[in-house]
Amino acid sequence: MRLDKLSKLINDKECDALLLLNESNMHYACGFSPSEGAVLITKDGVGYHIVDSRYTETAERYAIDSGLKVIEIEKSFSDEVKKLCEKHNTKRLLFENESISLMQYELYKEKLGCEFVKLDKALMLLRNIKDFEEIKLIKQANSIAEKSFLELLNDVKAGKSEKELASLFDYYMAKNGSDGLSFDTILLTGEHTSMPHGVPSDRVIKEGDFVLFDFGATCKGYHSDMTRTVAVKSADDEMIRTYNLVLEAQLAGIKALEDGVKCAEVYKASYDVLARENMAQYFRHSLGHGVGLDIHEGYNASPRSTDTYEVGNVTSIEPGVYIPDKFGIRIEDLLYISPRGRENLSNITKELIIL
């Protein structure tokens with residue numbers, strides 16, 4: 001039970017309570033994402049979800065599983081937190097120093113009058129280790145995204161614009177059950193594919209273009225993330241050769257991904273494949289990032305990373321080559337390091353699709 005994990009964290013930090021205001025952190029504790037509110041958990045394992053009248057009924061429903069006690073505010077969230085801190089004789093309070101706003105910090109610091117202790121990455125380290133239910137939800141989100149992608153491929157043809165197809169993609173994901181988008185859909189074609197995070201425009205597809213899709217669905221707060229690059233009608237020798245090189249780099253990164261391996265080493269496994277063909281100069285981002293309640297969470301596989309992968313992690317592996325004014329290619333899967341070994345959560349083929 002997450003309440004037990006969080007109370008252990010509080011005791012490990014020698015504190016009296018933990019205050020959560022960040023939406024994703026609150027979701028981890030209470031089971032859904034309120035746009036506003038607070039969660040207070042004590043070192044004795046007593047948890048409170050403080051809500052306004054918009055969320056009372058929903059919070060009470062989720063409290064059956066979370067074990068939190070729901071409190072509807074009379075005046076303000078901070079007033080209710082103050083009452084509870086006084087009730088539990090809170091002297092040392094863990095707070096989200098990496099995400100709290102200055103305004104919130106000053107408000108609660110003045111009102112509570114206790115010592116504020118930095119949470120740093122301690123909660124994110126807990127969130128990095130996904131349980132069975134979390135993996136199930138990520139798989140469901142991924143299944144929705146993949147079904148939508150396969151439907152969209154029927155509409156991808158010369159003359160269609162990036163904006164038109166991106167909007168259609170978002171519609172398919174909603175129709176197929178996504179609670180919302182993991183992030184703004186990236187759908188680029190032709191020379192635009194050389195921009196790793198370009199924004200869909202009025203540019204239309206031409207025969208012989210690459211089309212790059214970076215997309216994700218959500219299921220009960222959990223995200224998916226996938227990138228595929230396809231060609232329309234034809235692909236020249238350079239396009240095919242470069243595509244196969246990116247695929248080889250991705251497979252090398254996946255092969256290197258194991259419990260106990262440094263994130264930087266996994267990055268290097270992919271980077272070295274591209275460097276061998278003098279193409280690493282066109283790889284302009286990290287190899288992957290944690291995925292869960294946030295689309296980017298916990299750690300990333302970059303040459304500067306000091307993080308280490310462990311059982312329970314879900315990460316993207318997504319090398320890319322981006323040649324300005326020519327084309328770009330990215331191939332991305334979601335990987336889960338399970339107790340039984342590495343598991344690829346992505347099911348769409350990575351062989352070059354020519355529509």
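Lys-130 is buried (under 20% relative accessible area, against over 50% for exposed and in between for partly exposed, with a 1.4 Å probe and protein chains only), its own relative accessible area being 7%. The model is predicted, so local features need pLDDT of at least 70 and side-chain atom pairs count only at pLDDT 80 or more, while totals for chains, interfaces and linings use all residues. Residues are numbered from 1 along each chain as its sequence is written, and side-chain values use heavy atoms, with hydrogens and water left out.

**Salt bridges**

The side chain of Lys-130 meets that of Glu-297 in a salt bridge, at 2.9 Å from N to O. A salt bridge here is a side-chain nitrogen of Lys or Arg within 4 Å of a carboxyl oxygen of Asp or Glu. The two residues link distant parts of the chain, 167 residues apart: Glu-297 is in the loop between S12 and strand S13 (300–301), and Lys-130 is in the loop between helix H6 (122–128) and helix H7 (132–152). Helices (DSSP H or I, at least four residues) and strands (DSSP E, at least two) are runs numbered from the N terminus. Glu-297 also counts as buried, at 3% relative accessibility. Both residues belong to a network of salt bridges that links Arg-127, Lys-130, Asp-294 and Glu-297.

The count for the model comes to 27 salt bridges. Among them are these pairs:

| Pair | Closest N to O distance |
|---|---|
| Lys-163 and Asp-202 | 3.8 Å |

Lys-163 and Asp-202 form a salt bridge. This pair links distant parts of the chain, 39 residues apart, with Lys-163 in helix H8 (residues 162–175) and Asp-202 in the loop between strand S7 (186–189) and strand S8 (210–215). Lys-163 counts as partly exposed at 42% relative accessibility, and Asp-202 as exposed at 56%.

Glu-36 lies in the loop between H2 and strand S2 (38–42), and Arg-54 in the loop between strand S3 (47–51) and helix H3 (56–66), so the pair ties together parts 18 residues apart in sequence. Glu-36 is partly exposed, with a relative accessible area of 39%.

**Helices H1 and H2**

Helix H1 (residues 2–12) and helix H2 (residues 23–30) have axes that come within 8 Å and cross at roughly 120°. The two helices are therefore oblique to each other. Arg-2, Lys-5 and Leu-6 of H1 make the contact with His-27, Tyr-28 and Ala-29 of H2, where contact means heavy atoms within 4.5 Å.

H2 is mostly covered, with seven of its eight residues buried. These are Ser-24, Asn-25, Met-26, His-27, Tyr-28, Ala-29 and Cys-30. At the start of H2, a side-chain oxygen of Asn-22 reaches to within 3.0 Å of the backbone nitrogen of Ser-24. Gly-31 follows H2 and has a positive phi, near 100°.

Most residues other than glycine have a negative phi. Asn-89 has a positive phi near 50° and lies in the loop between helix H4 (77–87) and strand S5 (92–95). Asn-278 also has a positive phi, of about 60°. The loop that holds Asn-278 runs between helix H10 (263–276) and strand S12 (288–289), and Asn-278 counts as exposed at 57% relative accessibility.

Notes: Axes are lines fitted to C-alpha atoms, for helices over the stretch in contact, and angles run from 0 to 180 degrees between N-to-C directions. Angles under 35 degrees count as roughly parallel, over 145 as roughly antiparallel, 65 to 115 as roughly perpendicular and the rest as oblique. A polar contact is a pair of N or O atoms within 3.5 Å; within protein, one must be able to donate a hydrogen and the other to accept it, and residues adjacent in sequence count only if both atoms are side-chain atoms.
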